[in-house]
Amino acid sequence: MDCNPILWKIAPHTNAKHQILKRYVEAWAPILSQKGYNERLIYIDGFAGPGEYEDGEDGSPIVVLKALKNHSRQGNFKSKFRNLFIEICKERADHLRKVIEDRVEPLPSWIKYEVITNDFNQYIKGLMKYLEDNKLSLAPALTFVDPFGWKDLNYNVLSDLMKFEKGELLITFMAGFLDRFVWDDAHLPSIRKLFSDDQIKEIKKIEKTEDRERQIMEYFLKNLMEMIKSKTKVENIKYLAFSAYNSANRLEYYLIHLTKSRMGFYAMKQAMYKVSHDGSYKFSDFDFDPNQRTLVDYGVEESWIGAASEDAMRYISSLTSQGMKEIAISVIKDHVNYSTYWIYYNSILDKLEKDKKVQVVNCEKRRRGTFPDRCKISMI
Ligand SMILES: C[S@@+](CC[C@H](N)C(=O)[O-])C[C@H]1O[C@@H](n2cnc3c(N)ncnc32)[C@H](O)[C@@H]1O
């Protein structure tokens, strides 16, 4: 493992990754810690890095510790947060310890951290063995898997982290490089860690379209999902994928989030949406059933609001046919946010109202184009 240089210049799109991580941790912490069901919550930064970049920007462990330490709702937190920062390079791990001391210490007693100089996969295998030997379960854990390249992505280890009820993964996946390196025999040994020879052949056959990198990412996810399903009975894993492109419009990476939690899915949707909204990023989500895949670029609202309102309309019709003539707007919002690919915006109901498919009822003093929770709608 080459550990030089200790620090490097931040790539422009790393910032997007950090913003998503920050926003998500800000949402994840209160979701899991406020009701007091979870005594401990764990954040694992599997490829932690040195804690800062060459020009002083914060690395991911600092982003997370600051998000927790400065959280506006920390007064309501009932859980303790344990942060495990795993870094294989001793010099980078030492540097990270120092940056934490300088930038975030002192920490309140409910935030603990450990910098572990080890290989991510070895460490997690050891942790799993310990849990198994002692018949223990893993506390809710969000694991950020942010390696250089893909050779350290291990299906077994990743699915072990997902087999627990509240395990979540956030994975950086360099599909763009894979797409280029798949043609180079020198890279085959590392690519074979992710794909069988047959899959590599399939990848090579895909025509040079915009879709190629996404399909590579999907191969990876398909394999990962199969492995997760073989280890856990839980079926309802949802994922979101955020793609960051460089200035030459080449894909830099996918940031993939896997969760079983409706709330987690929604919180990540919001985080990715906010970060993608400046136009330079895209984020998309898919069903795991390859035949029913939906791909959405949320960057431009007009491009998806039509399909989102059709989805909402189907839901409204199904409730109406079950006898519910007037439906609370909050019910529609919940449906859109937690059970569909879309993000709830007034524009969804606005379109249905303008198209004369629904009308707003029981709604005094309402301004046009607004859909307050206290109101209801019915089909026209
Ligand atoms: C892309 S950087 C991580 C950046 C960091 N997550 C951030 O956002 O600031 C990858 C880091 O993983 C470390 N690394 C590489 N292989 C590793 C392994 N097998 N286990 C743990 N760390 C590893 C590298 O030394 C490097 O510091």
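# Close-up views of a predicted model

**View 1. Tyr 254 and its contacts.** Leaving aside residues up to four places away in sequence, Tyr 254 touches Phe 173, Ala 175, Met 217, Ala 241, Phe 242 and Ser 243. Two residues touch, or are in contact, if their C-beta atoms, placed from the backbone, lie within 7 Å. The model is predicted, so local features need pLDDT of at least 70 and side-chain atom pairs count only at pLDDT 80 or more, while totals for chains, interfaces and linings use all residues. Residue numbers start from 1 along each chain as its sequence is written.

**View 2. The largest nonpolar core.** This core holds 97 residues. Which members touch the most others? They are Ile 20, Phe 173 and Tyr 254. Domain 1 (14-292) and domain 2 (308-379) each supply at least three residues to this core. A nonpolar core is a set of buried Ala, Val, Leu, Ile, Met, Phe, Trp, Tyr and Cys residues joined through C-beta atoms within 7 Å. Buried means 20 or more other C-beta atoms within 10 Å of a residue's own; exposed means 12 or fewer; partly exposed is in between, with C-beta atoms placed from the backbone.

View 3. The chain is assigned domain 1 (14-292) and domain 2 (308-379). Such bounds come from an automatic or database domain assignment. The C-alpha centres of domain 1 and domain 2 are 35 Å apart. Domain 1 brings 5 residues to the contact, and domain 2 brings 4 residues. On the domain 1 side, helix H10 (residues 262-276) gives the largest share, 4 residues. That side of domain 1 has 2 nonpolar, no polar and 3 charged residues. Here Ala, Val, Leu, Ile, Met, Phe, Trp, Tyr, Cys and Pro count as nonpolar, Asp, Glu, Lys and Arg as charged, and the others, Gly among them, as polar. Helices (H or I, at least four residues) and strands (E, at least two) are DSSP runs, numbered from the N terminus.

**View 4. The shell around the ligand.** How many residues surround the ligand? There are 17, and the closest are Phe 47, Gly 49, Gly 59, Ser 60 and Ile 88. A residue is near a molecule or strand if its C-beta atom, placed from the backbone, lies within 6 Å of it. The shell is made of 9 nonpolar, 3 polar and 5 charged residues.

**View 5. Helix H12 and its buried side.** In helix H12 (residues 329-339), the buried residues are Ile 329, Ile 332 and Val 336. They lie on the same side of H12 because they cover an arc of only 65 degrees around the axis. The arc is that of the directions from the helix axis to the C-beta atoms. An α-helix has 3.6 residues a turn, so residues three or four places apart point the same way. Covering the buried residues of H12 are, among others, helix H11 (301-321), strand E9 (327-328), helix H13 (346-354) and strand E11 (376-379).

**View 6. Helix H13 and what follows.** Ile 348, Leu 349 and Leu 352 are buried in H13. Seen down the axis, the buried residues of H13 fall within an arc of 85 degrees, so they line one face of the helix. Their cover includes H11, H12, strand E10 (358-361) and E11. After H13 comes Lys 356, with a positive phi near 60 degrees.

**View 7. Leu 138 in a loop.** Leu 138 sits in the loop between helix H4 (120-133) and strand E4 (141-145). Leu 138 counts as partly exposed because 19 C-beta neighbours lie inside 10 Å. Leu 138 touches Leu 131, Phe 164 and Gly 167, not counting residues up to four places away in sequence. Lys 166 is 28 residues from Leu 138 along the chain, and their C-alpha atoms are separated by 8.4 Å.

**View 8. Two cis peptide bonds.** Asn 4 and Pro 5 are joined by a cis peptide bond, with omega about -5 degrees. Pro 5 is in the segment before helix H1. The bond from Glu 105 to Pro 106 is cis, with omega near -5 degrees. Pro 106 lies in the loop between helix H3 (90-103) and strand E3 (111-117).

View 9. Most residues other than glycine have a negative phi, and most peptide bonds are trans. Asn 362 is not a glycine, yet its phi is positive, about 50 degrees. Asn 362 lies in the loop between E10 and E11. Is Asn 362 buried or exposed? Asn 362 counts as exposed, with 12 C-beta neighbours inside 10 Å. Lys 365 is found in the loop between E10 and E11. Lys 365 has a positive phi of about 50 degrees. Lys 365 is exposed, with 5 other C-beta atoms within 10 Å.
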